[in-house]
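Let's take a friendly walk through a protein model. Keep the picture beside you and look up each residue as it comes along.

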Amino acid sequence: MNLIAWTILGLLSGAIAKAIYPSYQGGGILSTIILGVIGAFIGGSLYSFISTGSIQIVATSLSIPGLAISVLGAMLAIYLWGLMARNA
């Protein structure tokens, strides 16, 4: 069940992040889901680090605050992907 929730969260957060991010990003639905799931892990880990002070690899939950954190994480993932693609 967690895999389905992460896929839905990834699709939503990836699509919102791609709509908000100011440059063009290629890719289809699969890349949107992957960036969204990666964003959920990045956002969840950063939120865990800020709130507890320890580094843990966690994903956010399927909720409104979790979606907001996932969107921020997905935007960070899009930015980092752009940096890596530009240097290659």
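What follows is a short tour from the inside of the model to its surface, and then to a few single residues.

## Before we start

Please keep in mind that this is a predicted model. Residue numbers start from 1 along the chain, following the sequence as it is written.

## The nonpolar core

Start on the inside. The largest nonpolar core is made of ten residues. They are L9, A17, Y21, L35, A40, L67, V71, A74, A77 and I78. Three helices each supply at least two residues of this core: α1 (2-20), α2 (29-52) and α3 (64-87). Which helix gives the most to this core? The answer is α3, with five residues.

Now pick out Y21, one of the ten core residues. Leaving aside neighbours within four places in sequence, Y21 is in contact with M75, I78 and Y79. I78 also belongs to the core.

## A nonpolar patch on the surface

Next, turn to the outside. Here I4, I8, L12, I16, I20 and L62 form a nonpolar patch on the surface. Together, these residues have about 530 Å² of accessible area.

Take I8 as an example from this patch. I8 is found in helix α1. Its relative accessible area is 41%, so I8 counts as partly exposed, a label for values between 20% and 50%.

Is G44 buried or exposed? G44, which is found in helix α2, has a relative accessible area of 5%. G44 is therefore buried, as the cut-off is under 20%.

With 26% relative accessibility, F41 counts as partly exposed. F41 and G14 are 27 residues apart along the chain, and their C-alpha atoms are separated by 12 Å.

## A lysine in helix α1

Finish with K18, which is found in helix α1.

What joins the side chains of K18 and S31? The link is a polar contact of 3.4 Å.

Terms used:
Predicted model: local features only at pLDDT ≥ 70, side-chain atom pairs only at ≥ 80, totals over all residues. Heavy atoms only, no water. Core = buried A, V, L, I, M, F, W, Y, C linked by side-chain atoms within 4.5 Å. Buried < 20%, exposed > 50% of the residue type's maximum accessible area, 1.4 Å probe, protein only. Helix = DSSP H or I, 4+ residues; strand = E, 2+ residues; numbered from the N terminus. Contact = heavy atoms within 4.5 Å. Patch = residues over 30% accessible without salt bridge, like charges linked within 9 Å, V, L, I, M, F, W, Y side chains within 5 Å. Areas by Shrake-Rupley, 256 points an atom, 1.4 Å probe, with all protein chains shown as cover. Salt bridge = Lys/Arg side-chain N within 4 Å of Asp/Glu carboxyl O. Polar contact = N/O pair within 3.5 Å; in protein donor to acceptor, adjacent residues only side chain to side chain.
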